[in-house]
Amino acid sequence: PDQCDTMSSPMKKRDTIGANHLKDVLEIVNRLQDVFIPTGIDIGLDLPQIAVVGGQSAGKSSVLEGLVGTDFLPRGSDIVTRRPLVMQLRNSDEDYAQFQHCPGEKFTDFNMVRNEIEEVTDKATGSMKGISKVPIQLKIYSPSVPDLTLVDLPGLTKIPIADQPDDIEYQIRSLVLDYIRPENTLILAVTPATQDIANSDALKIARDVDPDGNRTIGVITKLDLMDAGTDAKRVLDNKVFYLKRGYIGVVNRSQKDIDCNKGVKEAVENEMHFFKTHPCYKAFADRMGISYLQKYLNSQLLSHIREKLPIFRAKLLQKQYSINGQLSEMGALNCTPHDREKLLYRIVNDFQELLSSVIEGNSNKVDVNTVQGGAIINQTFYTDVYDLLDIDNSPSIETILVTIKNYHGIHCPLFLHEQVVDKTVKELILRYREPLLKSVTMVTTMLMKIVESCARIFHHFPLLHQEVLFLLNQNIQLQDHRCKEALLTHIKAEASFINTRHPDFRKNSREDLHDGYTNSLESCRYETLSNSTVSGPHRPQDKALFQIINNGWFTLAGNGFKKGKLCWIQLTSDYLTVYRDQRESDEKYRVSLDQLRCGVRLDKKALNFVFYKGDKPVCLSRDGKKLILSTNNRAHADIWIECFKQVGVIIENKGSLVSLNDTASSMILSKDDDMREQAIIIAGIVNCYMDIIDKTIHDITPKYIMLILIQSVLQYVKQNLLADLLEDRKQPSEKESLMQGSSEDMKMIEDLRSIKQATDRGVTVLADVFSSP
């Protein structure tokens, strides 16, 4: 402490000038406290202050009353300080106190100050002797006090007594640590001389947050109560428990002095006499006592502010910028109607840019953490939308047979009937209607969610937020309807004209008719020839020629030797054989047709053939790999079903595979082989044409949704949204009504303006300090 007085005259002059400016800064710090503490707003600034800590009965209250020069704190045998007390001491010609919660009221009777502290403490903590983290703010003006900011904290205790909570020790410790942890806080650790310094509660908790002792000032009380022959000279000389800022000894009033109404000023005189006459302390009596402690704390606080001033200024400027940004965002930085109108234009434009960047990408604002907006819609096109459009569009042989019969009526058909093709294609095309409507609805829902997410930019302006969502919801529903109408019109167009001159149809239909259906037609001829009488040496040769019933490609859908791979299947009158390819040189598996059953199951678009012998599935190997053949060509499947029936394989329908359930009709159709040949040919033609339709529908659906729904909405936001918002709001006051904040925002704006006023003043004062020579 003595180092503060050893400085040259010029240095003292510069420090005096600096101190005057720093005093102004301290006043700004106090004003910031006045704003922040009552509102509970954390500004993120460690305001320079001195926190007073000490154990119960360490003499902490007496030290504070000595610094103020009068009695004003509650006293008692248990915890009397149960809320932080922020004391802003101001050197003044007047002598009075003011509480932050009693604005404008001056307390000239300090007994009333004590009563007010007790009353507001009980109101906050109740009668259970608990503690509260909400501080009491007290300003004391007096000619006898230095310019200081002190925070009196509850005394450290270990055992709850009376009505105190069981965890009172941890509550107090947590509260004290919250105040002394910030780097800009100096710690005034009060320890009684009658206690071993190694057991000091105050120094122990200070060491937890200030291990090097850079921010801690030690105060040793009750020096006059030490046992005869003992003293605290080594502690005061800083040789026992080192603190960079040292120790100061004080002698407080005893309880007897307090009971006898001994004044603080008289006690200070007696304290000075004690130090000057004590054989151990008289050598440094000028550095002991309350009077010196006042000057020293003032010097240390101002010196501490000087040290932290550059960092504090940077944080204050950052806070000023942040507050201005918040007020600007809430439309409260400049409040003229013209400014509010400009803000309206700017925030709507920001919304336009945000929505466009989220949906279209290609922006610096792209999110790098999560897939969102347009990327999700794009993914939906090729997953959920395509799943909806993957319908069963393969023609059924049985349905075609019914259609042929009904078209010819009583007459016998001679040629392929183009009206059957037309009717079948139209019925299959209309199956896309519901999936298309669901696809548009799905994307519309996603688009509305994106709009709602981006519209959070208006959250400070509830009416504007509501109006924007209303207008966009209207527009999105309009575009949703237009998009659905356009797609349905496309479906009607596809059904209105069967384009048999489509290049893909003309090419693929020839290939499919040649490769996909030749075998089935041959099987029909084989059935006729095998039932006729063939004599002579030619019969074995004929049987060998017609023993193959059908063959073709299938996908192994089970867990066979090549799951998901194509294989070549051959069906004869005796066996079903699996080959690697159509060369039939690499046989993989053969099963006898004797007692063979086939279960046909519909799985999405694919038809699966599952084979059984008795009640057990046919397996490709001993480890239970089932033989399951799969195809997504309905006509192909129908042909194979007929072939399996021909060789005696029992077909078990596991799904809705045929539309004809009438037994009599089935018997009529099954006996008409010529008509079945026509049905097979028509099925091939229809299947080829529906492949073209399916590709077209998959291709144009995302395009229609993108053009009519998404791009139309984006165009509306860019070109018409602002005009629609202002259509019925021609007057400036009406436009300004859109920018009206919520009641919570108005309260926040009021708080922010208070903070802004204080920070602006602080920045100005700091600018004067840094610009002074």
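Mentor: The charged end of Lys 106 sits over the ring of Tyr 96, 4.5 Å from its centre. Sitting over a ring means that NZ of Lys or CZ of Arg is within 6 Å of the ring centre and within 35 degrees of the ring normal. This is a predicted model, in which local features need pLDDT of at least 70 and side-chain atom pairs count only at pLDDT 80 or more, while totals for chains, interfaces and linings use all residues. Residues are numbered from 1 along each chain as its sequence is written, and side-chain values use heavy atoms, with hydrogens and water left out.

Trainee: Which ring does the charged end of Arg 590 sit over?

Mentor: That of Tyr 575, 4.9 Å from the ring centre.

Trainee: Turning to ring pairs, how many aromatic pairs are there in the whole structure?

Mentor: The search finds 15 aromatic pairs. Tyr 292 and Tyr 296 are stacked because their ring centres are 5.8 Å apart and their planes are at 15 degrees. Rings of Phe, Tyr and Trp (its six-membered ring) pair if their centres lie within 6.5 Å; planes under 30 degrees apart count as stacked, over 60 as edge-to-face and the rest as tilted.

Trainee: Is Tyr 292 buried or exposed?

Mentor: Tyr 292 is buried, at 11% relative accessible area, and Tyr 296 is buried at 4%. Buried means under 20%, exposed over 50% and partly exposed in between (1.4 Å probe, protein chains only).

Trainee: What about Tyr 382 and Tyr 386?

Mentor: They form an edge-to-face pair, 5.4 Å centre to centre with 80 degrees between the planes. Tyr 382 is partly exposed, at 48% relative accessibility.
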